[in-house]
Amino acid sequence: MKESWWKEMEPHAPDVVERETLDGGFSRGLGLHFQPSEAYWLDAHVHLRTAKSEAEIVEVLDAWFARLDAFRLGRVLALVKPDASFEALQAVSARDERFAWLLWLDPDRPDDALLRRALDHGAVGLKLHNAPIMRGLHPHEIWLNDEWARVFRLVEEAGVPVLWHVTQRLSAAPYHGGGRNAYWEEGCQRGVTFTNEDLLQVTLEVMRRFPRLKVQGAHQLHLGPERLAQLFAQYPNLYIDSSCTMFVRWADVMYESDRQVLRRFVLEHADRILFGSDAPLAPGAIDEYLVQGFLCHARFFHQLRLPDPPLQMVSHENAERLYGLTPLNPVRRGNYRP
């Protein structure tokens, strides 16, 4: 076998490559099957529900990490509604590196004063969701009014991102548990005539009006690789998270043709993709469904067999850069960790 065998095959872990020459090649071939592995996952899309006090927030974190620390979960970015205790969120995020949070504002609440207060209490970003618009409760151009301009201006000046659920695919998605025509079914009953494309164009108009605004499009904006690549080329501050469809079920292996398309897309845009699971976390509600959902999202990237640099970008580095978070120094338990 030629000395460059590791370059001609699927990527291997950096330590395997290093042993080719380190110490005169003494340990060449040791662990030759080791693949690149994430240092840790930063889940940039989870929901924190009903937890109000410091004790309840910590209870949720301890229950979640008790299950997923073994699978290298390092930190979560939690989305919280305005009725949460900013003081409790600030206290936990200040002392627990596993946790950071974003404030969720609904379309009919363009409250820049509330956002400023959240930022003062340690929030690292803003969460927006178009579900009420799809349900026909608000006009689809609501984000272009003067009140929201004040919010976006504050976000831009603060340098924090917006995690924005912009669109929602029609049809069902039983592969990952998605219902049929979510949100849109209610909208159709109310006479909604605008489309996903209309919603996307409003978000893009906001990005044009506020060119320093950084947007994390939830669930890949419900777009395929070709359209996403076009948008990435046009909007340098546009990102996506992997939740919902960058997902491989427990018994599945991707078809090789699909794997190659998705692998090429991730490699070409590795600096624009954040890992996310969309897990809803609440006290007493951590169960096997949520754990397996997280692992299905991790499995997607493992099956792509990425080289080490893009894998680290997607798993945690992009989110840390985007949200201004200090990288973790994960502590492994003893000599073993999956």
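These are my notebook entries on what I looked up in this predicted model.

**Entry 1: the sheet**

I began with the strands. I found an open sheet of nine strands in the order β8-β7-β6-β5-β4-β3-β2-β1-β9, with parallel pairing. Its edge strands are β8 (273–274) and β9 (279–281), each of which pairs on one side only. For a friendly reminder, strands of a sheet pair through backbone hydrogen bonds, either parallel or antiparallel.

Strand β1 (residues 41–48) runs parallel to β9, and three bridges join the two.

**Entry 2: strand β7**

Which way do the side chains of β7 (residues 238–241) point? I saw L238 and I240 pointing one way and Y239 and D241 the other way. In a regular strand the side chains alternate between the two faces of the sheet. Both sets in β7 are buried. Three bridges join β7 to strand β6 (residues 215–217), and the two run parallel. Here Q216 has Y239 in β7 as its bridge partner.

I moved on to S242, in the loop between β7 and α11. Is S242 buried or exposed? S242 has a relative accessible area of 0%, so I noted it as buried. Leaving aside neighbours within four places in sequence, I listed its contacts as Q220, L274, F275, G276, H297 and F301.

**Entry 3: the cores**

F301 turned up again when I checked the nonpolar cores. The largest one has 84 residues, and W64, F99, W143 and F301 have the most contacts inside it. Helix α12 (residues 288–304) gives the largest share of this core, eight residues. Apart from this core lies another, of 16 residues, with A44, L79, W104 and L322 among them.

I took a closer look at W143. Beyond its neighbours within four places in sequence, W143 is in contact with P107, L128, H129, N130, I133, W148, F152, W164, V202 and V206.

**Entry 4: helix α9**

An α-helix has 3.6 residues a turn, so residues three or four places apart point the same way. Helix α9 (residues 196–209) has 14 residues and reaches 20 Å from its first C-alpha to its last, close to the 20 Å expected at 1.5 Å a residue. At the start of α9, I found a side-chain oxygen of T195 within 3.3 Å of the backbone nitrogen of E197.

**Entry 5: two alanines in loops**

A270 is found in the loop between α11 (256–268) and β8. I noted A270 as buried because its relative accessible area is 4%. What does A270 touch, not counting residues up to four places away in sequence? I found P310, M313, V314 and N318. A270 and S315 are 45 residues apart along the chain, and their C-alpha atoms are separated by 10.0 Å.

A39 sits in the loop between α2 (14–18) and β1. Its relative accessibility is 26%, so A39 counts as partly exposed. Not counting residues up to four places away in sequence, A39 touches R72, Q312, H316, P330 and R332. I also checked A39 against L89: they are 50 residues apart in sequence and 26 Å apart in space, C-alpha to C-alpha.

Definitions and conventions:
Residues numbered from 1 in each chain as written. Predicted model: local features only at pLDDT ≥ 70, side-chain atom pairs only at ≥ 80, totals over all residues. Heavy atoms only, no water. Core = buried A, V, L, I, M, F, W, Y, C linked by side-chain atoms within 4.5 Å. Buried < 20%, exposed > 50% of the residue type's maximum accessible area, 1.4 Å probe, protein only. Helix = DSSP H or I, 4+ residues; strand = E, 2+ residues; numbered from the N terminus. Contact = heavy atoms within 4.5 Å. Expected span 1.5 Å × (residues − 1). Polar contact = N/O pair within 3.5 Å; in protein donor to acceptor, adjacent residues only side chain to side chain. Pairing = 2+ DSSP bridges.
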